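My entries follow the display.

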Amino acid sequence: MDAETIRNLIETGLPGARADVQGDDGVHFEATVVCDAFAGKLPLARHRMVYATLGDLMGGAIHALALKTVTAAEAAK
């Protein structure tokens, strides 16, 4: 697994989202995801939205994913 594949999966699964994914060892990753669909949602719900785009890869090919999830307005602050 690589960061670019994860970025593509997140951005495809969350239309309008922008994802910046880092991770050099192939199993541990960090992602900042900016998506207006996060508006009004608690962090846990936002994380679940991102995890849903990755499906069975979570806990398998992706051992760990640290997330920062924000709306465009939150990112601009």
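The entries below take the helix packing, then the strand pairing.

I note that this is a predicted model, in which local features need pLDDT of at least 70 and side-chain atom pairs count only at pLDDT 80 or more, while totals for chains, interfaces and linings use all residues. Residues are numbered from 1 along each chain as its sequence is written, and side-chain values use heavy atoms, with hydrogens and water left out.

**Helices.** I looked up helix α1 (residues 3–13) and helix α2 (residues 43–54), which pack at an angle of about 115° with their axes 8 Å apart; helices here are DSSP runs of H or I with at least four residues, and strands are runs of E with at least two. The axes are lines fitted to C-alpha atoms over the stretch in contact, with angles from 0 to 180 degrees between N-to-C directions. That angle makes α1 roughly perpendicular to α2, a class that covers 65 to 115 degrees. For the contact (heavy atoms within 4.5 Å), I listed I6, L9, I10 and G13 from α1, and V50, T53 and L54 from α2.

**Strands.** I found strand β1 (residues 18–22) and strand β2 (residues 28–34) paired in the antiparallel sense over five bridges, where pairing requires at least two DSSP bridges between the strands. Within this pair, D20 stands opposite T32 of β2. I also recorded that G23, in the hairpin of β1 and β2, takes a positive phi near 160°. Strand β3 (residues 64–70) pairs with β2 in the parallel sense over seven bridges, and there A66 of β3 is the bridge partner of E30.

Conventions. Angles under 35 degrees count as roughly parallel, over 145 as roughly antiparallel, 65 to 115 as roughly perpendicular and the rest as oblique.
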